[in-house]
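Hi everyone, thanks for coming. I'd like to walk you through one model today, a few residues and elements at a time. Let me put it up on the screen.

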Amino acid sequence: MDANVTAYLMHYPQEVTFGEEDAATVFDRYHTPDFVMCNDGIHLDREKLLAHVRPARKRATSVRVEVHETVSSAERVAARYTLTADMATGKTIATEIYMFGQLSADGRLRRIDQVTRDVSPGR
């Protein structure tokens with residue numbers, strides 16, 4: 001992935017949700033095998049995240065990312081961005097995300113800690 005967090009935020013959600021490759025293949029391109037995410041206090045490993053992503057491929061009709069700001073170094077990345085998903089039900093879900101990540105030596109993400117806030121229309 002290297003330290004280009006904006007490219008990751010723009011490409012990964014599209015590839016994992018709507019790409020033709022298997023979700024696990026896409027996931028492994030950007031994350032280490034021991035990857036862990038702590039999202040709003042909930043710890044998710046690779047298998048739990050893939051279990052979450054696979055159904056999203058059927059429920060979401062589009063995903064958009066608006067990157068507000070990023071910071072990166074050789075080993076760390078941080079970002080504030082909004083992820084918006086249009087669902088097959090007609091509902092739109094928008095989430096503001098504050099992400100802090102740790103990179104491995106090969107540039108893939110090893111860990112993400114993030115907090116989120118629902119900013120969906122009508123909230």
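Let's start at Ser 120, where a polar atom of the side chain lies 3.0 Å from the backbone nitrogen of Ala 94. The side chain of Ser 120 also makes a polar contact, at 2.6 Å, with the side chain of Asp 118. By polar contact I mean a pair of N or O atoms within 3.5 Å; within protein, one must be able to donate a hydrogen and the other to accept it, and residues adjacent in sequence count only if both atoms are side-chain atoms.

Before I go on, a word on the source: this is a predicted model, so local features need pLDDT of at least 70 and side-chain atom pairs count only at pLDDT 80 or more, while totals for chains, interfaces and linings use all residues. Residues are numbered from 1 along each chain as its sequence is written, and side-chain values use heavy atoms, with hydrogens and water left out.

Back to Ser 120, which sits in the segment after strand S6 (109-118). Helices (H or I, at least four residues) and strands (E, at least two) are DSSP runs here, numbered from the N terminus. Is Ser 120 buried or exposed? Ser 120 has a relative accessible area of 9%, so it is buried. The scale is this: buried is under 20% relative accessible area, exposed is over 50%, and partly exposed is in between, with a 1.4 Å probe and protein chains only. Leaving aside neighbours within four places in sequence, Ser 120 is in contact (heavy atoms within 4.5 Å) with Thr 92, Ile 93 and Ala 94.

Next, please find Glu 96, in strand S5. Glu 96 counts as buried, because its relative accessibility is 7%. Which side chains does the side chain of Glu 96 meet in polar contacts? One is that of Arg 80, at 3.5 Å, and another is that of Arg 117, at 2.6 Å. Not counting residues up to four places away in sequence, Glu 96 touches Arg 80, Tyr 81, Thr 82, Val 115, Thr 116, Arg 117 and Val 119.

Now over to the helices, with H3 up next. Helix H3 covers residues 46-59, and at 1.5 Å a residue its 14 residues should span 20 Å; the end C-alpha atoms are 20 Å apart, which agrees. That expected span is 1.5 Å times one less than the number of residues. The buried residues in H3 are Arg 46, Leu 49, Leu 50 and Val 53. They cover an arc of only 95° around the axis, so they are on the same side of H3; the arc is that of the directions from the helix axis to the C-beta atoms. On the other side of H3, His 52 and Lys 58 are exposed. As for packing, the buried residues of H3 meet helix H1 (5-18), helix H2 (23-30), strand S1 (31-39) and strand S2 (42-45). At the N-terminal end, Asp 45 caps H3, with a side-chain oxygen 3.3 Å from the backbone nitrogen of Glu 47.

At the start of H2, a side-chain oxygen of Asp 22 comes within 3.0 Å of the backbone nitrogen of Ala 24.

From H1, let me pick out Glu 15. Glu 15 counts as partly exposed, at 23% relative accessibility. The side chain of Glu 15 makes a polar contact of 2.8 Å with the side chain of Tyr 30. Not counting residues up to four places away in sequence, Glu 15 touches Val 26, Arg 29, Tyr 30 and Arg 57.

One loop residue deserves a stop as well: Asp 40, between S1 and S2. Asp 40 is not a glycine, yet it has a positive phi of about 50°. Most residues other than glycine have a negative phi. Asp 40 is partly exposed, with a relative accessible area of 39%.

How much volume does the largest pocket have? About 930 Å³. Of the 31 residues that line the largest pocket, the closest to its centre are His 52, Val 53, Leu 83, Ile 97 and Gln 114. The elements that give two or more residues to that lining are H1, S1, H3, strand S3 (60-72), strand S4 (76-87), strand S5 (92-103) and S6. A pocket, on a 1 Å grid over the protein atoms alone, is an open set of points where a 1.4 Å probe fits, with protein on both sides within 12 Å along at least five of seven lines; lining residues have an atom within 4 Å of a point. Grid points are joined across faces, edges and corners, and the volume is the space filled by probe spheres set on the points.
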